[in-house]
Amino acid sequence: MMFDLPSHDTLYAALLARDPAYDGRAYVCVGTTGIFCRLTCPARKPKSENCTFVATIGDCIEGGYRACKRCHPLAPAADADPAIAALLRALDERPDIRWSERHITQMGFDLSTVRRSFKRQFGMTFLEMARQRRLREGFEVLRQGERVIDAQHSASFESASAFRIAFARLLGCTPNALKQGGLLRADWFNTPLGDMIAVSSASHLHLLEFVERKALPRELARLRDFAKGDLGFGRYAPTDQVEGELAAFFAGTRARFETPMAFHGSAFTKEVWHALCAIPAGETRTYAQLANAIDRPTATRAAARANGANQLAILVPCHRILGADGALTGYGGGLWRKQKLIEIEQQYQPMRMDG
């Protein structure tokens, strides 16, 4: 688990020393290259601020990182689950393949077993992971100002229409609907819990969501309406700021976020979101306690709906709300992420880090 890892400084020192004591127990994800490595990797060492340390290979893959070809971090995982290790290695080595069930069976694996294993470990199937990787490649090409057909080829889609449909299913609009720049700008970056979409203006962050969240297309559509259609590719300073703060959050060095946020909702909804932000990292509340916090003790259901309408994941910590019996309840990013976020934040409870 990530919250069991030593501090960022300790792990960075181990990386510089190529300490074998952490082999198989920690991995480094390098933001500037998109590569993840073992701490014993012989490659030239990245700067500390470009490193995120995680506990599992799954966290690296979920974050969109590719395995290093010098230290081969996937190899040791084969002993634990050869099917998962082999498929992740194949995905990393052949990003051009349009993976299907046929490919999985041709590799000699049982489809239902693979599906259960990936769902259990990553919260998504292998095919969903492969498709997300391809769409990200297309997004990166479009962000650089290239044509839709170039993005389609980069994402290994057979036709432009198939790429447009997949893109629209994920983002709620066709690639042509997003231009370069704009009043609001959308960008895609990775985290140890998976890829996220951030939308910001020059002064505020308006959206931060995991890319496979089902509500994402509707949320982006509302932001396009808010911006009168002026939503495009790119980023402003708030996106840079939140990406850096999230890296520190996952590294265990920062519990508080200072990125300026723009709330889009009713007065009641905004009141609930402010109450969520007041819950300290490492603590949880129930929906009833959330309603009491805004002096609306009879509005538990309304508070729950406002909680679910949050479109600034992690920063507005709706993951800190549990059911009345203390059980995990619905979370748009997936219950497995909610569980991990709660676990990660346990490290901050006695420390109360402010940055």
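This is a predicted model: local features need pLDDT of at least 70, side-chain atom pairs count only at pLDDT 80 or more; totals for chains, interfaces and linings use all residues.
Helix 1 spans residues 8–17. Its buried residues are H8, L11, Y12, A14 and L15. Viewed down the helix axis, these buried residues fall within an arc of 155°, so they line one face of helix 1. This arrangement can be read against the geometry of helices in general. An α-helix has 3.6 residues a turn, so positions three or four places apart point the same way. The other side of helix 1 carries the exposed residues D9 and A17. The cover over the buried residues of helix 1 includes strand 1, strand 2, strand 3 (51–54) and helix 10 (237–251). Helix 1 is followed by R18, which has a positive phi, near 55°.

The loop that runs from helix 1 to strand 1 (27–30) contains D23. The side chain of D23 forms a salt bridge with that of R38, with an N to O distance of 2.5 Å. R38 belongs to strand 2 (residues 35–38), so the pair ties together parts that are 15 residues apart in sequence. D23 is partly exposed, its relative accessible area being 31%.

In total, the model contains eleven salt bridges. Another of them pairs R235 with E243, whose closest N and O atoms are 2.8 Å apart. Both partners are partly exposed: the relative accessibility of E243 is 28%, and the relative accessible area of R235 is 24%. Through salt bridges that share partners, R235 and E243 are joined with D187 and D240 into one network. A further salt bridge links R254 to E245, with 3.6 Å between the closest N and O atoms. In this pair, R254 and E245 are both buried.

The structure has zero disulfides. A disulfide is a covalent bond between the sulfur atoms of two cysteines. The cysteine sulfur closest to that of C37 lies in C68, at 3.8 Å, which is too far for a bond. For C68, the closest cysteine sulfur is that of C41, also at 3.8 Å and likewise too far for a bond. C37 is buried, with a relative accessible area of 10%. C68 is buried as well, at 9% relative accessibility.

Technical notes. Residues are numbered from 1 along each chain as its sequence is written. Side-chain values use heavy atoms; hydrogens and water are left out. A salt bridge is a side-chain nitrogen of Lys or Arg within 4 Å of a carboxyl oxygen of Asp or Glu. Helices (H or I, at least four residues) and strands (E, at least two) are DSSP runs, numbered from the N terminus. Buried means under 20% relative accessible area, exposed over 50%, partly exposed in between (1.4 Å probe, protein chains only). A disulfide is a pair of cysteine sulfur atoms within 2.5 Å. The arc is that of the directions from the helix axis to the C-beta atoms. Contact means heavy atoms within 4.5 Å.
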